[in-house]
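Here is a short briefing on one protein model. Look over the sequence and the structure first, then read the points below.

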Amino acid sequence: MAETAQYEELARQFSAFGAVKREMGRTLPSDCPSGSAAVLTLLVRHGEMRMSKLAELLAVDMSVTSRHVAHVAERGWIERSPDPADKRSRILRLTPSGEERVRDMSRRTTRLLEERLSDWSDDDIAALIRLMARLRASFDDCRTPAITQ
């Protein structure tokens, strides 16, 4: 098991990782802020869904989700239709324009990563992918409560 100092350094690295995320966010088109990009990405990954499911996946309040959904709907990137099982609910789905927006965002992010990691070996990139996937998996099942200080 790693020593406490290693976990402390890992926590510092996670804090510093915010700069990487911010730079990746700057590659987004000006009309597609990060919340909107998250909505589109989740719809690509999970397919059509109710607003309540989207709020759960975004891990934000329903009012925040509604604002993000309104933004992408106004631009024609998603459509909202009544849920046949519950007329009070709406089903969200990507439009062809939304699919193109996601492809554009993916190209932009890929170009940035290719540029910034051009001096990394294929093995280094593969190891990073493997370790990041493993890290995410370690946090996917969060049955134990967070430690508070």
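A residue counts as buried under 20% relative accessible area, as exposed over 50%, and as partly exposed in between (1.4 Å probe, protein chains only). The model is a predicted one, in which local features need pLDDT of at least 70, side-chain atom pairs count only at pLDDT 80 or more, and totals for chains, interfaces and linings use all residues. Residues are numbered from 1 along each chain as its sequence is written, and side-chain values use heavy atoms, with hydrogens and water left out.

**Overall layout**
- The protein has six helices and three strands; these are DSSP runs numbered from the N terminus, with helices (H or I) of at least four residues and strands (E) of at least two.
- Along the sequence the pattern is α-α-β-α-α-β-β-α-α.
- The C-alpha trace spans about 55 × 40 × 25 Å along its principal axes.
- Of the 149 residues in the protein, 25% are buried.

**Helix H1**
- Leu10 lies in helix H1 and is partly exposed, because its relative accessible area is 37%.

**Nonpolar surface patch**
- Met1, Tyr7, Leu10, Phe14, Leu135 and Phe139 make a nonpolar surface patch of about 690 Å².
- H1 and helix H6 (122-140) are the elements that give two or more residues to the patch, and H1 gives the largest share, three residues.
- Nonpolar patches join side chains of Val, Leu, Ile, Met, Phe, Trp and Tyr within 5 Å, from residues with over 30% relative accessible area and no salt bridge.
- A salt bridge is a side-chain nitrogen of Lys or Arg within 4 Å of a carboxyl oxygen of Asp or Glu.

**Nonpolar core**
- The largest nonpolar core has 20 residues, among which Leu40, Leu43, Leu54, Ile78, Leu92 and Met105 touch the most other members.
- Helix H2 (34-46) gives the most to this core, with five residues.
- A nonpolar core joins buried Ala, Val, Leu, Ile, Met, Phe, Trp, Tyr and Cys residues through side-chain atoms within 4.5 Å.

- Most residues other than glycine have a negative phi.
- Ala59, in the loop between H3 and H4, has a positive phi of about 60°.
- Ala59 is exposed, because its relative accessible area is 66%.

Notes:
Patches are made of residues with over 30% relative accessible area and no salt bridge: like charges are joined within 9 Å, nonpolar side chains (Val, Leu, Ile, Met, Phe, Trp, Tyr) within 5 Å. Accessible areas come from the Shrake-Rupley method with a 1.4 Å probe; for residues, only the protein chains shown count as cover.
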